[in-house]
Amino acid sequence: MTQPLPIDFEQVFMHAPIGMCVSHNRIIQQANLAMAAMFGYEVEALRQTSFQEIYPTADEFERTGLRLVPLLNEKGFYSDERIMKRSNDEMFWCHVTGHALNRDNPHAAGIWTFEDVSAKRPIAPGLTPREREIAALLVEGKTSKLIARQVELSPRTVEMHRARLMRKFAASTSSELVHKLLSITP
């Protein structure tokens with residue numbers, strides 16, 4: 001009987017087919033090759049880099065950080081699809097999943113995965129940061145009332161952003177807007 005080969009977990013992490021990183025206080029400690037390629041960096045260039053660098057704006061970085069803390073505290077993990085930014089400033093849709101290693105301080109240490117979903121969902125040009133945020137939450141199936149609570153806006157303001165999105169996407173109903181955001185023809 002042959003002995004199994006020892007597993008080199010560092011090599012498993014580095015060559016995983018999905019973007020991965022380990023973070024400490026929203027600073028990337030180590031990223032793998034897939035994450036570096038997805039965001040257009042060398043692995044070493046991502047080390048000790050703030051997650052802010054891969055967000056479209058500093059405001060989106062801050063709002064997302066605040067939004068995910070209660071969920072990480074409650075469940076220990078967080079998952080969503082959001083617009084991220086490559087090193088060349090190109091925006092793209094990304095499925096992000098994170099696991100907090102310390103629920104009492106969810107930003108202290110985490111393990112994150114990133115999957116580029118832009119082939120299924122291209123970005124519409126000309127969206128404001130707030131419209132991108134609202135669009136991402138609409139795609140998750142959230143109502144205006146839930147979105148308002150989550151992003152700390154009034155439901156009326158969320159409806160205003162939804163109406164702008166509907167005009168920009170030439171959608172006559174909310175479900176048509178979501179289909180267009182998902183690049184699905186109704």
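The following is a tutorial dialogue on how to read some features of this predicted model.

User: Before we look at single residues, what should I keep in mind about the model and its numbering?

Analyst: Residues are numbered from 1 along each chain as its sequence is written, and because this is a predicted model, local features need pLDDT of at least 70 and side-chain atom pairs count only at pLDDT 80 or more, while totals for chains, interfaces and linings use all residues. Side-chain values use heavy atoms, with hydrogens and water left out.

User: How many helices and strands does the protein have, and in what pattern along the sequence do they follow?

Analyst: Helices (H or I, at least four residues) and strands (E, at least two) are taken as DSSP runs and numbered from the N terminus. Here the secondary structure comes to eight helices and six strands, and along the sequence the pattern reads α-β-β-α-α-β-α-β-β-β-α-α-α-α. The C-alpha trace spans about 65 × 35 × 35 Å along its principal axes, and of the 186 residues, 42% count as buried, where buried means under 20% relative accessible area, exposed means over 50%, and partly exposed lies in between (1.4 Å probe, protein chains only). Of the contacts (heavy atoms within 4.5 Å) with a separation of 6 or more, 46% are accounted for by residues 24 or more positions apart.

User: How do I read a helix pair, and at what angle do α5 and α7 pack?

Analyst: Two packed helices are described by the angle between their axes and by the distance between those axes. The axes are lines fitted to C-alpha atoms, for helices over the stretch in contact, and the angles run from 0 to 180 degrees between N-to-C directions. Helix α5 (residues 129-139) packs against helix α7 (residues 155-168) at an angle of about 90°, their axes being 10 Å apart, which means that α5 is roughly perpendicular to α7; angles of 65 to 115 degrees carry that label, whereas those under 35 count as roughly parallel, those over 145 as roughly antiparallel and the rest as oblique. On the α5 side the contact is made by R130, E131, I134, A135 and L138, and on the α7 side by V158, H161, R162, R164, L165 and K168. These residues divide into five nonpolar, one polar and five charged, with Ala, Val, Leu, Ile, Met, Phe, Trp, Tyr, Cys and Pro counted as nonpolar, Asp, Glu, Lys and Arg as charged, and the others, Gly among them, as polar.

User: What does a nonpolar core look like here, and which residues have the most contacts inside the largest one?

Analyst: In soluble globular proteins, nonpolar side chains tend to be buried together. A nonpolar core is a set of buried Ala, Val, Leu, Ile, Met, Phe, Trp, Tyr and Cys residues joined through side-chain atoms within 4.5 Å. The largest one has 27 residues, and M35, F39, F51 and F114 are those with the most contacts inside it. Leaving aside its neighbours within four places in sequence, M35 is in contact with G19, M20, C21, I28, L46, I54 and F114. Apart from that core lies another, of 16 residues, including L127, V139, V158 and L165.

User: With which side chains does the side chain of D80 make polar contacts?

Analyst: D80 is found in strand β4 (residues 77-85) and counts as buried because its relative accessibility is 3%. A polar contact is a pair of N or O atoms within 3.5 Å; within protein, one atom must be able to donate a hydrogen and the other to accept it, and residues adjacent in sequence count only if both atoms are side-chain atoms. The side chain of D80 makes such contacts with the side chains of Y78 (2.8 Å) and R82 (3.1 Å). Beyond four places in sequence, D80 touches R67, C94, H95, V96 and E140.

User: Where does D89 lie, and what is its phi?

Analyst: D89 is found in the loop between β4 and β5 (91-100), and has a positive phi of about 75° although it is not a glycine. At 51% relative accessibility, D89 counts as exposed.
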